[in-house]
Amino acid sequence: MSNAPELDVAYVDIIGGGLFMEKPAELERYKLAFQYLSAQALDIEASAALLDRARREL
């Protein structure tokens, strides 16, 4: 488990403004989404290599 502080608010940017989500159920959805995205993300070295390959293809 991470030492990161617990999420107590999530800001959602939408056309015409934004929303602050504060209810526990809402926060849990955003927390799970962030965990999923973090698990799918490349590490720093792999990200840099991917960007370098894409730059060379241009």
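1. Is R56 buried or exposed? At 61% relative accessibility, R56 counts as exposed, where exposed means over 50% relative accessible area, buried under 20%, and partly exposed in between, with a 1.4 Å probe and protein chains only.

2. Some conditions apply to all that follows. The model is predicted, so that local features need pLDDT of at least 70 and side-chain atom pairs count only at pLDDT 80 or more, while totals for chains, interfaces and linings use all residues. Residues are numbered from 1 along each chain as its sequence is written, and side-chain values use heavy atoms, with hydrogens and water left out.

3. On the overall architecture, the chain holds two helices and two strands, and from the N terminus on the order is β-β-α-α; these elements are DSSP runs numbered from the N terminus, with helices being H or I of at least four residues and strands being E of at least two. Of the 58 residues, 9% count as buried. The chain exposes about 5,500 Å², of which carbon and sulfur atoms supply 62%, the areas coming from the Shrake-Rupley method with a 1.4 Å probe and, for residues, with only the protein chains shown counting as cover.

4. Strands β1 (10-14) and β2 (residues 17-21) pair in the antiparallel sense over five bridges, pairing being assigned if DSSP finds at least two bridges between two strands. The two strands form a hairpin with two residues between them, and G16 in the turn has a positive phi of about 90°.

5. A10 lies in strand β1 and is buried, with a relative accessible area of 9%. The C-alpha atoms of A10 and E28 are separated by 10.0 Å, the two residues being 18 residues apart along the chain.

6. A nonpolar surface patch is formed by V9, Y11 and F20, which together have about 310 Å² of accessible area. Patches are made of residues with over 30% relative accessible area and no salt bridge, like charges being joined within 9 Å and nonpolar side chains (Val, Leu, Ile, Met, Phe, Trp, Tyr) within 5 Å. V9 is placed in the segment before β1 and counts as partly exposed, at 33% relative accessibility.

7. Helix α2 has 14 residues and reaches 20 Å from its first C-alpha to its last, close to the 20 Å expected at 1.5 Å a residue; the expected span is 1.5 Å times one less than the number of residues. D43 caps the N-terminal end of α2, with a side-chain oxygen 3.3 Å from the backbone nitrogen of E45.

8. The charge pairing deserves a separate point. The count comes to two salt bridges, a salt bridge being a side-chain nitrogen of Lys or Arg within 4 Å of a carboxyl oxygen of Asp or Glu. D52 forms a salt bridge with R55, the closest N and O atoms being 2.5 Å apart, and D52 also forms a salt bridge with R56, at 2.9 Å between the closest N and O atoms.

9. An α-helix has 3.6 residues a turn, so residues three or four places apart point the same way. D52 is partly exposed, with a relative accessible area of 26%, whereas R55 is exposed, with a relative accessible area of 53%.

Notes:
Polar contact = N/O pair within 3.5 Å; in protein donor to acceptor, adjacent residues only side chain to side chain.
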